[in-house]
Amino acid sequence: MERTTSKELALPPLQDWGEETEDGAVYSVSLRRQRSQRLSPGAGPRGTQAPSPGADTFLHYRTSKVRALRAARLERLVRELVSGDREQDPGFVPAFLATHRAFVPTAHVLDLLLPPPPPPLPPGVEIKKTEGRDLTFNNNLRAVVSVLGSWLRDYPQDFWDPPAHSDLGSVCTFLGWAAPSGAEAREAEKLLGDFLKNAEPQQEEEERSQTWAGHPGVAQIPRPDSPVGCLEEVEGLVREGPELLDFSVDDVAEQLTLMDAELFSRVRPFECLGSVWSQRDRPGATGTASTVRATVTQFNTVTGCVLGSVLGSPGLAAPQRAQRLEKWIRIAQRCRELRNFSSLRAILSALQSNPIYRLKRSWGALSREPLSTFRKLSQIFSDENNHLSSREILSQEEATEENAPPGSLPSKLPPGPIPYLGTFLTDLVMLDTALPDMLEGDLINFEKRRKEWEILAHIQQLQRRCQSYCLSSHLPILAALHTQRQLSEEQSYRISRVIEPPAASCPSSPRVRRRISLTKRLSAKLSRERGSSPGGSPRDPSSSTSRLCVSPSLSPASPPSSPRTRDPPPGSPPASPGPQGPSTKLPLSPDLPGPRTLALPLSGPHISLPGQQGSEACVVRVSIDNDHGNLYRSILLTSQDKAPSVVQRALEKHNVAQPWAQDYQLFQALPGDRELLIPDNANVFYAMSPAAPGDFVLRRKEGARHTTSVSPA
């Protein structure tokens with residue numbers, strides 16, 4: 001196919017062509033177009049004419065077939081690690097290594113991957129490496145060694161298996177005879193030595209991290225010599241020291257950024273997977289996703305500091321409280337300048353929470369400039385169009401380094417950004433819910449793992465950029481952060497009503513744009529990505545909890561009710577789209593309760609809203625009306641689901657005994673504090689109101705005698 005330069009083909013370089021099956025594995029097939037320029041007639045290697053694009057120059061397009069493994073059994077996936085074409089499918093190996101623990105243990109992969117050692121040769125016989133019968137074996141060995149090298153370098157924690165670390169020992173044994181002088185063998189031996197040397201200190205550190213993870217005011221302490229680890233030093237400092245707001249705006253923002261950067265850089269991407277993070281509240285899962293829990297605890301700590309400093313002194317006059325609000329707004333603005341979106345989101349969440357937001361006299365005492373700054377910062381985390389604003393801003397911040405002038409020194413480039421991890425967790429959890437792990441024929445749905453890997457790769461890229469911050473720890477600020485009074489959600493709301501009793505609303509309260517539609521649509525992004533790169537994977541995912549609680553260990557002592565669930569004071573502003581307090585109800589995602597509506601054809605996820613033609617499923621949120629707080633769980637609702645099955649699956653998500661399913665009724669939450677009772681024999685998908693889909697509540701029927709017990713979320 002040839003065209004002149006003035007009429008180049010406006011076709012995508014990769015075009016979806018369908019699927020094909022081979023040896024029980026399903027491949028997606030695409031056509032790749034590559035352009036190669038020909039010389040004009042008469043020009044050749046010995047000619048005097050220089051090749052230049054002129055009227056006689058032609059463009060030649062070459063089309064090649066590209067296959068990517070979409071679904072297969074485990075044995076076939078492992079064989080693809082060794083025999084797959086990395087030029088055609090360069091993303092297979094990194095996607096497998098990043099996500100394999102979601103569907104198979106590392107030890108099982110090694111059993112299938114590592115070949116047995118060759119039999120010992122008779123005395124006096126030398127190996128002839130050039131024999132034809134050894135070429136295939138040697139090629140396979142090189143491929144296995146290459147995979148192990150990438151695995152050891154990128155995911156060393158996969159081999160952590162104390163006390164003996166038998167998986168890593170098997171790798172060392174294999175590399176000892178397959179590539180004894182290679183860098184991979186040295187890396188494996190060094191890693192095994194480090195594991196054995198640091199086994200006891202790491203165990204103590206993990207125990208200490210789990211202990212601190214349950215503390216409402218302290219983030220995880222990775223190591224004593226780190227900035228975050230300095231909290232251990234300030235443990236003994238007295239509360240009579242300076243308060244957090246006694247320090248300058250720059251100093252506080254820089255310390256928050258330093259802590260957030262270190263905690264985020266320590267996050268293990270695997271722990272962010274929806275199948276891992278959504279299991280954090282299961283019995284015996286206290287140590288699950290410890291690095292993610294540490295960032296969650298830090299988020300709660302910052303939000304709690306804002307609430308404690310603003311509400312902690314009920315006797316303050318409105319102008320004095322307004323000064324505290326203004327300083328936190330300035331700290332948030334400085335975090336924005338430092339590209340720290342994590343603490344920025346935490347501060348805004350506290351300022352937008354009902355206990356602070358309803359303080360009309362305090363907000364009315366603020367000058368126009370900080371109010372304007374607050375509104376602008378709040379728009380960053382607007383939840384419209386699947387939080388498109390915050391995603392675009394993050395992409396623009398990332399592009400700063402890519403668009404740097406050639407020859408720019410790395411030190412001159414701005415560090416970061418530090419993202420708001422809740423966005424990625426929500427995406428991965430939603431993706432885990434929307435796409436099945438297994439397909440027909442007991443095939444592993446590897447296309448799902450590719451989509452997850454795209455998000456994990458994005459997290460890893462941001463982690464590398466966070467290492468460029470050059471900030472030093474300031475112990476007095478860490479001490480003030482550690483000793484700041486932490487108010488429970490119940491206390492915050494009660495103190496807020498003492499400070500300003502319910503009264504008529506005031507026009508001076510900040511008007512932050514609120515969510516109107518409670519739906520989170522992924523169709524637009526998926527459609528764009530499928531249109532531009534049909535073989536690619538969407539970065540916008542889907543899974544089991546549409547709202548993630550930030551507290552890593554939700555204690556039963558947490559406040560039993562939320563200010564949002566109470567009758568609001570007359571005239572007080574409605575609850576803003578932020579968390580309600582420093583404890584268990586803080587959303588790590590900025591999402592409000594709402595459905596994640598997803599139609600799920602397995603060959604390619606098309607996503608649409610319920611009520612639209614072609615919709616087949618949606619993700620809804622279900623809470624239990626009890627004394628354990630407003631805890632939500634998300635479930636996938638299909639057009640075939642009747643009320644009993646929905647109730648049973650919701651109770652399973654809440655860890656409530658299944659035999660009690662018949663004791664519950666399902667209600668849909670409607671606007672205006674109204675509810676719709678779903679009959680016991682109804683199809684929930686069609687019975688729910690399309691005007692406000694998404695939030696459901698389970699209530700015990702009258703006469704039910706058992707006591708509901710749910711695990712903390």
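User: Which residues of H19 are buried?

Analyst: This is a predicted model, in which local features need pLDDT of at least 70 and side-chain atom pairs count only at pLDDT 80 or more, while totals for chains, interfaces and linings use all residues. Residues are numbered from 1 along each chain as its sequence is written, and side-chain values use heavy atoms, with hydrogens and water left out. Helix H19 (residues 475–483) is mostly covered, since seven of its nine residues are buried, where buried means under 20% relative accessible area, exposed over 50% and partly exposed in between, with a 1.4 Å probe and protein chains only. The buried residues of H19 are Ile477, Leu478, Ala479, Ala480, Leu481, His482 and Thr483.

User: What share of the 713 residues of the chain counts as buried?

Analyst: The secondary structure of the chain comes to 23 helices and eleven strands, with helices (H or I, at least four residues) and strands (E, at least two) taken as DSSP runs numbered from the N terminus. Among contacts between residues at least 6 apart in sequence, 74% join residues at least 24 apart, contact meaning heavy atoms within 4.5 Å. Of the 713 residues, the share that counts as buried is 52%.

User: Leaving aside its neighbours within four places in sequence, which residues is Trp328 in contact with?

Analyst: Trp328 belongs to the group in the largest nonpolar core that touches the most other members, a group that also includes Ile347 and Leu351. Once neighbours within four places in sequence are set aside, the contacts of Trp328 are Leu244, Leu245, Cys305, Val306, Ser309, Val310, Ile347 and Leu351.

User: How do H1 and H2 pack, and how does their contact divide by class?

Analyst: Helix H1 (residues 74–83) and helix H2 (residues 92–99) pack at an angle of about 135 degrees with their axes 10 Å apart, the axes being lines fitted to C-alpha atoms over the stretch in contact, and angles running from 0 to 180 degrees between N-to-C directions. H1 and H2 are therefore oblique to each other, as angles under 35 degrees count as roughly parallel, over 145 as roughly antiparallel, 65 to 115 as roughly perpendicular and the rest as oblique. The contact is made by Leu77, Val78, Glu80 and Leu81 of H1 and Phe92, Val93 and Phe96 of H2. Counting Ala, Val, Leu, Ile, Met, Phe, Trp, Tyr, Cys and Pro as nonpolar, Asp, Glu, Lys and Arg as charged, and the others, Gly among them, as polar, the contact of H1 with H2 has six nonpolar, no polar and one charged residues.

User: Which residues does H1 meet in H3?

Analyst: The axes of H1 and helix H3 (residues 106–113) come within 10 Å and cross at roughly 65 degrees. On the side of H1, the residues involved are Leu74, Glu75, Val78 and Val82. In H3 they meet His108, Val109, Leu112 and Leu113.

User: Which residues make the contact of H8 with H18?

Analyst: The axes of helix H8 (residues 249–265) and helix H18 (residues 446–466) come within 9 Å and cross at roughly 135 degrees, and H8 and H18 are therefore oblique to each other. The contact is made by Ala261, Phe264 and Ser265 of H8 and, from H18, by Ile459, Leu462, Gln463 and Cys466.

User: Where does Pro163 lie, and what is the omega of the bond that joins Pro162 to it?

Analyst: Most residues other than glycine have a negative phi, and most peptide bonds are trans. Pro163 is found in the loop between helix H4 (132–154) and helix H5 (166–178). The peptide bond joining Pro162 and Pro163 is cis, with an omega of about 5 degrees.

User: Is His165 buried or exposed?

Analyst: His165 lies in the loop between H4 and H5, and has a positive phi of about 55 degrees although it is not a glycine. At 0% relative accessibility, His165 counts as buried.

User: What is the phi of Arg339?

Analyst: Arg339 lies in the loop between helix H11 (318–337) and helix H12 (341–351), and at 6% relative accessibility Arg339 counts as buried. Although Arg339 is not a glycine, its phi is positive, at about 65 degrees.

Definitions and conventions
A nonpolar core is a set of buried Ala, Val, Leu, Ile, Met, Phe, Trp, Tyr and Cys residues joined through side-chain atoms within 4.5 Å.
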